Protein chains: 2
Amino acid sequence: MARRKEYIEEEVIEKAMNLFWKNGYETTSMQMLEKEMGINKFSIYSSFGNKNGVFLESIKCYTKKLNRLLSKLKASANGIVGIKEYFYEFIEFTKETEFGKGCLVTNTANEIGEGADERIKKVLTEFTEEVKQVFANCLRQDASTNEETIEQQADFLLISMFGLSSATRIFTKKQLDNYIENIFKNS
Amino acid sequence: MARRKEYIEEEVIEKAMNLFWKNGYETTSMQMLEKEMGINKFSIYSSFGNKNGVFLESIKCYTKKLNRLLSKLKASANGIVGIKEYFYEFIEFTKETEFGKGCLVTNTANEIGEGADERIKKVLTEFTEEVKQVFANCLRQDASTNEETIEQQADFLLISMFGLSSATRIFTKKQLDNYIENIFKNS
DNA sequence: CTTTAAACTAAACGATAGTTTAGTTATTTA
DNA sequence: TAAATAACTAAACTATCGTTTAGTTTAAAG
């Protein structure tokens with residue numbers, strides 16, 4: 001019975017996501033969000049509750065983006081070679097935006113503490129677990145290995161992803177490529 | 001010709017370091033520092049200039065701590081096996097404090113952006129480069145390999161350290177051990 | 001058209017951020 | 001022992017934080 005929103009929530013969240021991605025959670029202020037999202041504080045609060053709410057939706061938006069890469073890996077039947085390709089695509093993905101700010105999920109995992117919003121912690125652990133399962137499924141496509149080995153290899157690749165994410169913030173493309181090659185040396 | 005300080009700067013910086021280590025730079029406020037360091041804000045500012053100054057000295061204090069582990073590696077002549085031992089000692093080191101907050105250097109590298117204090121960025125890159133050189137020297141102790149390979153292997157190990165640092169915040173001891181074993185599988 | 005309620009603007013909120021200052025206490029040294 | 005000066009305490013400072021509220025505009029529904 002009343003006025004319609006003049007903005008699309010998915011659109012403004014994408015802009016918020018980019019700001020959080022670039023600056024991290026703490027450094028990003030509501031004023032910065034207001035400016036970047038192009039809407040008033042009132043609108044932000046009525047749509048997302050509070051700053052944590054904006055951040056939560058931003059991470060969901062981010063994981064949705066990353067999930068496009070991940071679905072490609074899910075669909076592939078190239079075993080560990082597919083994972084290697086995913087690693088290369090991942091470093092390209094982190095360069096999609098002009099700033100070299102690693103991976104929002106990893107950045108957040110490194111930034112937040114125990115007191116952090118439970119919903120955010122949940123999204124992070126769930127996404128991390130999902131990535132691990134995708135890796136594990138790929139590994140099962142290759143020569144027969146027992147489940148314990150697969151689990152360990154998947155963990156290894158997952159932690160390697162954390163290193164790669166940090167590395168994209170600091171190291172050169174050449175160093176990143178070299179890192180990936182070393183991970184998959186015996187594959 | 002006047003009163004003496006009632007605190008030792010090295011001692012209060014160690015306390016500040018623990019707070020930054022636990023909470024990160026942004027989350028740690030001057031009030032928290034005041035309480036933890038046990039001295040007045042005036043004293044903090046007269047000793048360290050500003051919050052950035054406290055943080056800078058905290059990182060220097062941290063790298064000094066880490067350098068004790070590193071000197072052990074420098075002194076060792078066990079080649080890559082020595083590096084592996086260092087990795088294991090490193091995860092123990094991150095558990096020295098009751099909170100599992102990874103490595104302060106890595107945390108900071110993941111938190112700060114372009115606009116960060118140049119002195120802090122300098123300390124981080126210098127320390128990172130030093131670790132890489134120690135790794136490289138160890139690698140030279142082993143079977144003859146050319147300099148390019150050594151450089152690449154050192155980069156690989158350095159990035160692996162970043163992954164391990166993040167991982168200590170999230171993963172179990174078992175998973176960390178498994179990760180290290182995988183890194184050095186073919187050694 | 002009029003009613004009605006949601007979405008807008010913009011200003012204000014209290015709390016806390018990092019930093020500085022005024023005034024007091026203490027100790028060295030001449 | 002007195003003068004000088006650095007370190008102390010505690011309060012105030014301005015700016016900005018995240019959040020809320022009061023008042024206006026807009027458009028859907030009766």
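Helices in this account are DSSP runs of type H or I with at least four residues, numbered from the N terminus. The structure on display is a predicted model.

**Chain A.** Select chain A and colour the chain by secondary structure. Along the sequence, chain A reads α-α-α-α-α-α-α-α-α, a total of 9 helices and 0 strands. The C-alpha trace of chain A extends over about 60 × 35 × 30 Å along its principal axes. Of the 187 residues in chain A, 37% are buried. Among contacts in chain A with a separation of 6 or more, 64% join residues 24 or more positions apart.

**The surface near DNA strand C.** Next, select DNA strand C and the residues around the strand. There are 24 such residues, and the closest are A:Ala2, A:Glu6, A:Phe42, B:Ser29 and B:Asn50. H3(A) provides the largest share, 4 residues. Coloured by class, the surface near DNA strand C shows 9 nonpolar, 6 polar and 9 charged residues.

**Where the two chains meet.** Finally, turn to the contacts between the protein chains. Here 27 residues of chain B are in contact with 27 residues of chain A. On the side of chain B that touches chain A, select helix H6 (104-111), helix H8 (147-170) and helix H9 (173-183), each of which supplies at least two residues. H8(B) gives the most, with 11 residues. By class, this side of chain B comprises 8 nonpolar, 15 polar and 4 charged residues.

Conventions: Residues are numbered from 1 along each chain as its sequence is written. Chains are lettered from A and ligands numbered from 1 in the order in which they are written. This is a predicted model: local features need pLDDT of at least 70, side-chain atom pairs count only at pLDDT 80 or more; totals for chains, interfaces and linings use all residues. A residue is near a molecule or strand if its C-beta atom, placed from the backbone, lies within 6 Å of it. Ala, Val, Leu, Ile, Met, Phe, Trp, Tyr, Cys and Pro count as nonpolar, Asp, Glu, Lys and Arg as charged, and the others, Gly among them, as polar. Two residues are in contact if their C-beta atoms, placed from the backbone, lie within 7 Å. A residue is buried if 20 or more other C-beta atoms lie within 10 Å of its own, exposed if 12 or fewer, and partly exposed in between; C-beta atoms are placed from the backbone.
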